[in-house]
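Thanks for asking me to look this one over. Here are my notes, point by point, to read alongside the model.

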Amino acid sequence: MAKWIVDNRWDIVEPIPFATLYNDFKQSQKCNNQLMTMQQGMVHYLKKVEQLELFDITQKIHLMFVLCQPINEAFERQLQNEGTLELEANRRITLFRTNDGSFERKGEPLTRRGRPRKQEEMTAEDTIVDTPLVDVKPDTVEPPVKKEIVEPRVKQEIVEPTMNAMRILESLHSLIFVIHEPLLREFENVVLQELGNQRRRDTNILEIDFVQAIDTGIRILANGATSQQDGEGMMRLNDILKPLTLQLLNIGFSHDSPLVGKMIALTSEVKKIPTRKVKHVLDLLFEAATPAIG
């Protein structure tokens, strides 16, 4: 849902009730999750916004501002050199403007009632318990009794961000096509077979699992690269790094993602890598994209 907000609600320049966004998202994406589940999942997802790989700085600011989420100190430090930042007492953004003035978000956070919060209002004002009227007998006057409202306990499900498995498989196939290595033909057939698996169409995988697979693959490429120029079964390191970077951008990773940054830092015009190690990296990504189907 966070990516949907960035892609489809970028024009919103003031905080908006989550329920409004949820209803729009549910209608356009055919989402079956309940409002409370989605809201709690979003809060959990944005707690460490500075670690999110799919968004750049301004996109993260947009999410935190529109959804009225408090920012942590780690993210605040990231923003110190990016522009002007102002926070209210609960560490929610009231102003952020980039140094070049190309991006700005400014406004008061909402209360739970959906109104802009006044300076003197506190969080407790959002929970109000009305005092019921009581009958008064002729002889005695009973003090009004304040009834305690007990909210039913609801088990809150944490929704982790996911990625579409078929989209990853399609990117893998494009990557193999660009590399055009004879030793990868058998692997290409395996990917094509999985792309034709109708049961895989609705499969989603946890974003964190795929990020971990990519991170492991980068370490394999870094450790396996060599300046050796001769030898059978070797390919240029750049021949895997450049198309792999492009495919990551294609499936949603941002240009300032740490993973993309690591791959750019590895690029070398002289180093080569054994094709079998490249195959190992592709196997890791394939396994991450093809969990068992129940």
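1. Gly83 sits opposite Thr98 of strand β2. As a reminder, this is a predicted model. The pairing here is between β1 (residues 83-87) and β2 (residues 93-98), which run antiparallel and are joined by five bridges.

2. The two strands make a hairpin, with five residues between β1 and β2.

3. How many salt bridges does the structure hold? The count is nine. One of them pairs Asp7 with Lys3, whose closest N and O atoms are 2.8 Å apart. These two residues are four apart in helix α1 (residues 2-8), so about one helical turn separates them. Asp7 has a relative accessible area of 48%, which makes it partly exposed, and Lys3 is also partly exposed, at 33%.

4. Helix α11 (residues 275-289) holds another pair spaced by four residues, about one turn of the helix: Asp283 and Lys279. Their side chains meet in a salt bridge of 2.9 Å, N to O. Asp283 is partly exposed with a relative accessible area of 25%, and Lys279 is partly exposed with 26%.

5. With a threshold of 30 Å³ or more, one cavity is counted, and the largest cavity has a volume of about 80 Å³. Which elements give two or more residues to its lining? They are α6 (165-179), α8 (207-224) and α9 (238-250). Of the elements, α6 gives the most, with four residues.

6. For anyone wanting to inspect that lining residue by residue, it consists of Ile168, Ser171, Leu172, Leu175, Phe210, Ile214, Leu244, Gln247, Leu248, Ile251 and Leu285. By class, nine of the lining residues are nonpolar, two are polar and none is charged.

Definitions and conventions:
Residues are numbered from 1 along each chain as its sequence is written. This is a predicted model: local features need pLDDT of at least 70, side-chain atom pairs count only at pLDDT 80 or more; totals for chains, interfaces and linings use all residues. Side-chain values use heavy atoms; hydrogens and water are left out. Two strands pair if DSSP finds at least two bridges between them. On a 1 Å grid over the protein atoms alone, a cavity is a set of points where a 1.4 Å probe fits but cannot get out, and a pocket is an open set with protein on both sides within 12 Å along at least five of seven lines; lining residues have an atom within 4 Å of a point. Grid points are joined across faces, edges and corners, and a volume is the space filled by probe spheres set on the points. Ala, Val, Leu, Ile, Met, Phe, Trp, Tyr, Cys and Pro count as nonpolar, Asp, Glu, Lys and Arg as charged, and the others, Gly among them, as polar. A salt bridge is a side-chain nitrogen of Lys or Arg within 4 Å of a carboxyl oxygen of Asp or Glu. Buried means under 20% relative accessible area, exposed over 50%, partly exposed in between (1.4 Å probe, protein chains only).
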